[in-house]
Amino acid sequence: MEETGLFPKVSIVVITHNRWRYTKQCLDSLLNDNEYPHVEIIIVDNASSDETKQRLSEIQNSNIKVIFSPVNTGFSRGNTIGCKAATGDILILLNNDTIVTPGWISRLIRPLMENPDLGMAGPMSNYSGNDQRLDHFIGDSVRGADPDWLDDFYQFYKGRWRYTDFLVFFCVAIKREVYEKAGELDANYGTGMFEDNDYCERVKQAGYKMAIIENTFVYHHGSVSFKQLKDGEYRSLWNKNKSYFEQKWGKTWHVKTPATIFDSFQPQAIAQTVFQAADKTSILVLGEKDWPVIKQRWQYLTSTLAAQDDYLVIAHIYKFNGRLINGIRKVGPSFYITNRLDLFAQTHFDWILYCGETIVRSHLHSRSVIVDGVCYFHKNQGQLPPFKDEDVYHEEHVEQLARKLKKFQF
């Protein structure tokens with residue numbers, strides 16, 4: 001069997017219209033960070049007037065096909081042109097203002113291949129108008145995701161994906177059979193906006209489900225093409241397409257925000273949120289104030305607990321990989337970090353785990369206080385923090401943690 005026979009063919013469709021700098025960045029990442037062996041890239045240029053057309057005509061790569069449209073056909077028609085030229089088993093519609101990451105194709109399409117009920121899948125991102133947008137991200141517009149942050153992201157979300165009823169089309173993978181049943185993107189949305197909402201409805205109508213692949217990340221600059229429109233033009237297009245979508249499907253459009261359980265910074269509301277997560281053991285981790293790139297024991301403790309579906313873990317830190325933290329940020333499926341212990345003054349935790357903190361936080365409430373003494377001895381302090389006599393050390397819980405961490409070597 002040929003090597004490519006082990007992998008379904010993937011066709012990546014990219015629509016361009018001016019802004020060559022972003023397109024080049026996207027193509028460079030596609031070529032440099034592509035570890036998938038059976039892929040073709042189809043670029044449809046929508047009548048660019050800057051250097052984009054010239055630069056695209058200079059590309060000499062057998063895996064890249066460039067199609068030049070004499071007019072700006074818009075997002076939907078442009079993707080239709082690209083999909084008609086595609087020969088892959090999986091179609092990936094990718095915005096030209098994105099930066100992909102190593103291994104992104106395999107991560108994105110694996111759930112599609114393993115689950116017959118899934119028809120479309122999309123990655124997580126720093127910029128997206130729904131719950132694909134991460135609550136915590138470290139990176140920049142030059143290189144995209146910070147490599148150290150990305151390593152942590154992959155660890156926290158390892159193997160994770162979840163069903164959804166809506167995917168934003170900055171990056172979306174569609175099975176060929178689904179595209180053939182659902183049909184082409186609706187060209188009535190013109191330049192763009194809401195055609196992704198529309199297509200999601202059609203995929204559901206065709207009997208398929210959709211998923212957000214949480215262990216896949218694609219950087220998105222966000223609305224680069226629409227930023228070329230004047231404010232009045234943008235708002236007019238938004239209102240027109242929103243109205244068309246709502247009338248077509250007989251439903252009201254609603255915005256989706258990042259999937260965090262903390263939507264308030266009021267201590268009482270936060271306490272209620274933790275209380276309502278009664279199916280999870282709530283744990284406040286008091287370790288070091290900085291989450292460094294080179295991992296320490298307390299970080300392994302925290303990460304391993306956070307990987308358990310039945311735990312809600314909140315770690316008190318000031319910096320994550322050298323970046324300041326502000327408020328409460330979600331960094332994993334059930335893992336949050338905060339620099340504001342005062343926000344949790346009314347919260348009753350199941351456990352408070354001391355694994356580096358040297359100040360006893362007596363104003364915080366918990367059913368059990370757990371101390372991992374090894375973390376303190378690793379700091380050459382030789383002693384535990386000065387707890388009061390009434391504080392309880394639950395060594396059996398420390399042993400439970402140790403068993404969960406048996407795969408790690410310190």
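Mentor: Start with E246 and K242, which both lie in helix 8 (residues 231-249), 4 residues apart, about one turn of the helix. Helices (H or I, at least four residues) and strands (E, at least two) are DSSP runs, numbered from the N terminus.

Trainee: What do E246 and K242 form?
Mentor: A salt bridge, with the closest N and O atoms 3.0 Å apart. The term covers a side-chain nitrogen of Lys or Arg within 4 Å of a carboxyl oxygen of Asp or Glu.

Trainee: Is K242 buried or partly exposed?
Mentor: K242 is partly exposed, at 22% relative accessibility. Buried means under 20% relative accessible area, exposed over 50%, and partly exposed in between (1.4 Å probe, protein chains only).

Trainee: Where do these coordinates come from?
Mentor: This is a predicted model, in which local features need pLDDT of at least 70 and side-chain atom pairs count only at pLDDT 80 or more, while totals for chains, interfaces and linings use all residues. Residues are numbered from 1 along each chain as its sequence is written, and side-chain values use heavy atoms, with hydrogens and water left out.

Trainee: Which residue pairs with D350 in a salt bridge?
Mentor: R367 does, and the closest N and O atoms are 3.7 Å apart. D350 is in strand 20 (residues 348-354) and R367 in strand 21 (residues 365-371), so the pair ties together parts that are 17 residues apart in sequence.

Trainee: And how accessible are D350 and R367?
Mentor: D350 is partly exposed, with a relative accessible area of 22%. R367 counts as exposed, at 57%.

Trainee: What about R143?
Mentor: R143 forms a salt bridge with D146, and their closest N and O atoms are 2.8 Å apart. R143 is partly exposed at 44% relative accessible area, whereas D146 is buried at 11%.

Trainee: How many salt bridges does a search of the whole structure find?
Mentor: It finds 24.

Trainee: Changing topic, how many helices and strands are in the protein chain?
Mentor: There are 12 helices and 21 strands.

Trainee: How much of the protein chain is buried?
Mentor: Buried residues account for 52% of its 410 residues.

Trainee: What about contacts along the sequence?
Mentor: Taking contacts (heavy atoms within 4.5 Å) in the protein chain between residues at least 6 apart in sequence, 73% join residues at least 24 apart.
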